[in-house]
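This report describes a protein model for a reader new to structures. Please look at the sequence and the fold first.

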Amino acid sequence: MTEYGRGERDLGETLAAGVPLSTHERELIDRYLADRLREDEIFAVETRIVSDPEFRREVEITEALREGLRRLDSGDGIGQSHVGTAQSELRPVYALAATIAAVGFGVLAMFTHDRLQQERAALQELRRVPLSGRVLPTQRETSVSFALTRGEADAVSLDLPDVPTLFEMSFDPGVEPARTYAVQLVRRDGDAQTVVLSVSPVSPDADGLLRLSVHSATLPAGDYSVVLTPEPAIGAVQESPQPVALTFDLRIDE
Amino acid sequence: MPPTGQMADEEQRAAETASRGAALVPAGVDLAGLRAGVLALLRGLCRRNRIDVSLADDLCNETFCVFLERVRHEPLREPDKVAAFLAQTARNLYIAEARKFSRRGTSTGADELIASHADPSLDAVERLRQMGLVAVVRRVLEQMRVPRDREILTRYYLKDEDKSVICKDLGLSDEHFNRVIDRARDRFRALLGPGYTSQTLFSFVFL
């Protein structure tokens, strides 16, 4: 039997209860469940399981995720359908993903086109409300999706609505989005550029999209650019000297 | 989800443990909370080593018997070390029990093989619960749009490959790897929903 009062040693001291889990702690849980810890590490983790409900929950979540993957693999064989290190194994997956993406973009384009047409028709029926400089309560929303594949010549065009409208914009920064971005909405008037909105940091949502809501009162007719600049993580070693900013064009028509 | 009666029994046992130990330990020591922790630890050990999970309840009670007997003879001087003592005692009792289990010769070492030939008509409730978990994990994988991200997740959690090996193979930075894993875990947690508890999670998954 263990000696009463044995401490958690230095490792245990880093596992202070009540503090959100760090990457180190998460990896400790991963290695605990994979039976890859030393005795003293096991002791520290199990002490934390006993004393810290949040840590315990993370262990259980991780165990459930591992178990779910194992069951999925034994049932459907995800090793066959999703994973493969050899290029030949990856190609069908990429091909399938590309097909799905192409179909998805097509459906999205049709949906967006129909929706804009419907909204344009609806706007003509609504009474005219003069725009003012202040933000009014939003009556309607317009969703606009920006894909990375859109070319410079393909600026999204929107009609300036007659009623206060919240433009819900979503931007697809690509398959490997940065953790956070600085987002700037810039109005272009010839050579002059005016920053209308500057937000930082903005994180991609669970679907990897950056979402920005802008009230129509702040967007008079004209040409705009939305610039997404990836922000380096705090403490991270900069891999490339200059993060590549993504630019999406938007035109608001009268 | 475990039967209501079972949960009520557990709560009652936790309350009994707390009341028995109340006279022996300082007021700041949450014996009921620690009991929940010890039980979770033991259940996890049993689950992962394919030993009957109901054994965890007995081992948990035994752990607290050892603890209370100990503090009866030797007053508690360092309350912050109680969790460490309980964890170590629980593990030692578990190891002793696992050895007995092994000596009984009831384990063939081919549990996976045996499980793969299970009669699908048996224990339909359990199969439904397992299918629920599989569906959640499948959703997580479907939402990972980059094939390489799925590869990272499965190599790390399914094949237990070392992080450094995966990063080297795929030319990834530590930061990128962590981002993929954290995002997958967040999605898994979100898909499970906010209302789950350890009780519901593991009744959902394993019981």
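B:Asp149 lies in helix H7 of chain B, residues 147-158; helices here are DSSP runs of H or I with at least four residues, and strands are E runs of at least two, numbered from the N terminus. The model is predicted, so local features need pLDDT of at least 70 and side-chain atom pairs pLDDT 80 or more, while totals for chains, interfaces and linings use all residues. Residues are numbered from 1 along each chain as its sequence is written, chains are lettered from A and ligands numbered from 1 in the order written, and side-chain values use heavy atoms, without hydrogens and water.

B:Asp149 is buried but has no salt bridge. Buried means under 20% relative accessible area, with a 1.4 Å probe and protein chains only. A salt bridge is a side-chain nitrogen of Lys or Arg within 4 Å of a carboxyl oxygen of Asp or Glu. The nearest side chain of opposite charge, B:Arg148, is 5.0 Å away.

The table lists contacts (heavy atoms within 4.5 Å), leaving aside neighbours within four places in sequence.

| Residue | In contact with |
|---|---|
| B:Asp149 | B:Met144, B:His176, B:Val180 |
| B:Phe67 | B:Val25, B:Leu31, B:Val82, B:Phe85, B:Leu86 |

B:Phe67 is also among the residues with the most contacts inside the largest nonpolar core, which has 39 residues. Such a core is a set of buried Ala, Val, Leu, Ile, Met, Phe, Trp, Tyr and Cys residues joined through side-chain atoms within 4.5 Å. Elements giving two or more residues to this core include helix H2 (23-33) of chain A and helix H3 (55-73) of chain B.

Notes:
Buried < 20%, exposed > 50% of the residue type's maximum accessible area, 1.4 Å probe, protein only. Lys, Arg positive; Asp, Glu negative; His and termini not counted.
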